[in-house]
Each structure stands twice: as C-alpha cells, then as structure tokens.
Amino acid sequence: MTLGLAVSVGGLASPLVGAMAEASSLRTALACLIVFPVLAWLLARTLKEPVAEVSRG
C-alpha cells in the first residue's frame, strides 16, 4: 500500500514539477523537491511509539 501510494503521488506530482521546470529552470524545480524529505521527517517525528501488549496467560 505504501509503495502504491508513493508511485501514485509521484505520478501526480511529476507534471507539476515539469511545468515548474519549463516556467523557470530544471534546477529551480528540483530544488523545490528538497522540502519533501524535510516535511516527511517532521511528520514522522510526530508519530508515537507503539505500545507493547502484555500477554496475560
């Protein structure tokens, strides 16, 4: 599911990056993509650690 979502988002975003590259330059368009790993890292830091379930038997 995660891989499919990543491919889908990449397919949707690539025309936008291409349009940005045509409007300005390829360097500018690719430089804007630097934001996404930083955003992903910040969002990942908000996730909580899973709590281990204690088995009662």
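**The nonpolar patch in its setting**

Tutor: Read from the N terminus, the elements of the protein follow the order α-α-α. This is a predicted model, in which local features need pLDDT of at least 70 and side-chain atom pairs count only at pLDDT 80 or more, while totals for chains, interfaces and linings use all residues. Residues are numbered from 1 along each chain as its sequence is written, and side-chain values use heavy atoms, with hydrogens and water left out.

The count is 3 helices and 0 strands.

Next, the overall form. The radius of gyration of the protein is 18 Å, whereas a compact globule of 57 residues would have one near 10 Å. That radius is taken over C-alpha atoms, and the globule rule is 2.2 Å times the number of residues to the power 0.38. Along the principal axes, the C-alpha atoms fill a box of roughly 65 × 20 × 10 Å. Of the 57 residues, 5% are buried; buried means under 20% relative accessible area, exposed over 50%, and partly exposed in between, with a 1.4 Å probe and protein chains only. The protein exposes about 5,500 Å², and carbon and sulfur atoms supply 70% of that. Such areas come from the Shrake-Rupley method with a 1.4 Å probe, and for residues only the protein chains shown count as cover.

Now the part itself. A nonpolar patch on the surface is formed by Leu26, Leu30, Leu33, Val35, Phe36, Leu39 and Leu43, with about 670 Å² of accessible area together. Two elements, α2 and α3 (35-44), each give two or more residues to this patch. The most comes from α3, with 4 residues. A patch takes residues with over 30% relative accessible area and no salt bridge; like charges are joined within 9 Å, and nonpolar side chains (Val, Leu, Ile, Met, Phe, Trp, Tyr) within 5 Å. A salt bridge is a side-chain nitrogen of Lys or Arg within 4 Å of a carboxyl oxygen of Asp or Glu.

Leu26 lies in helix α2 (residues 26-32), and Leu26 is exposed because its relative accessible area is 56%. Leu30 lies in helix α2 too, but Leu30 counts as partly exposed because its relative accessible area is 45%. An α-helix has 3.6 residues a turn, so residues three or four places apart point the same way.

Finally, some distances to set the patch in the chain. From Leu26 to Glu49 there are 23 residues in sequence and 39 Å in space, C-alpha to C-alpha. Lys48, in the segment after α3, is exposed at 76% relative accessible area. Lys48 and Leu12 are 36 residues apart in sequence, with 29 Å between their C-alpha atoms. Gly4 belongs to helix α1, and the C-alpha atoms of Gly4 and Leu47 are separated by 21 Å.
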